[in-house]
Amino acid sequence: MSDDAGIRRRVKEVIVRALGLQADPEEIPDGEAIFAGGIGADSGATLEVIFAIEEEFGIEVDDEDLRVELFDSVGTLAEYVKHKQEEIAGEPAPASAAGEDS
């Protein structure tokens with residue numbers, strides 16, 4: 001399993017746990033919207049997801065990164081996590097990895 005696939009899988013698992021969903025994380029498509037008719041999370045669940053992501057991946061989500069675009073889909077959130085992990089590891093990441101160009 002590639003590192004990207006592993007991150008996406010773990011992000012899905014975190015979302016399911018954080019939101020208390022009765023869903024199989026493996027069946028959630030990468031392009032599934034987290035809010036607005038997708039997974040069904042409401043804006044009040046944002047902090048729950050953020051705290052769970054920070055704990056699971058050992059990253060800190062910066063306040064300036066808390067944009068609607070970050071939560072467009074499971075895939076955009078997974079790309080953000082990958083970008084933050086690369087920052088921590090000191091690896092350069094393309095600007096689009098954080099969803100800045102999307």
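The largest nonpolar core of this predicted model holds 21 residues. Within this core, V11, I53, F57, F71 and L77 touch the most other members. Three helices each supply at least two residues of the core: α1 (3-19), α2 (46-57) and α3 (74-89). In soluble globular proteins, nonpolar side chains tend to be buried together.

Start with V11. Set aside its neighbours within four places in sequence. V11 is then in contact with I53, F57, V74, L77, A78 and V81. Find I53 and F57 in α2. Find L77 and V81 in α3.

Now look at how α2 and α3 meet. Their axes come within 12 Å. These axes cross at roughly 40°. An angle under 35 degrees would count as roughly parallel, and 65 to 115 as roughly perpendicular. The two helices are therefore oblique to each other. The crossing of α2 past α3 is right-handed.

Which residues in α2 and α3 meet? On α2, they are V49, I53 and F57. On α3, they are L77, V81 and Q85. By class, this contact has 5 nonpolar residues, 1 polar residue and no charged ones.

Step back to the whole chain. Its secondary structure comes to 3 helices and 0 strands. Along the sequence, the pattern reads α-α-α. The chain has 102 residues, and buried residues make up 36% of them.

Notes
Residues numbered from 1 in each chain as written. Predicted model: local features only at pLDDT ≥ 70, side-chain atom pairs only at ≥ 80, totals over all residues. Heavy atoms only, no water. Core = buried A, V, L, I, M, F, W, Y, C linked by side-chain atoms within 4.5 Å. Buried < 20%, exposed > 50% of the residue type's maximum accessible area, 1.4 Å probe, protein only. Helix = DSSP H or I, 4+ residues; strand = E, 2+ residues; numbered from the N terminus. Contact = heavy atoms within 4.5 Å. Axes fitted to C-alpha atoms, helices over the stretch in contact; angles between N-to-C directions. Parallel < 35°, antiparallel > 145°, perpendicular 65-115°, else oblique. Left-handed = near helix turned anticlockwise from the far one by under 90°. Nonpolar A, V, L, I, M, F, W, Y, C, P; charged D, E, K, R; others polar.
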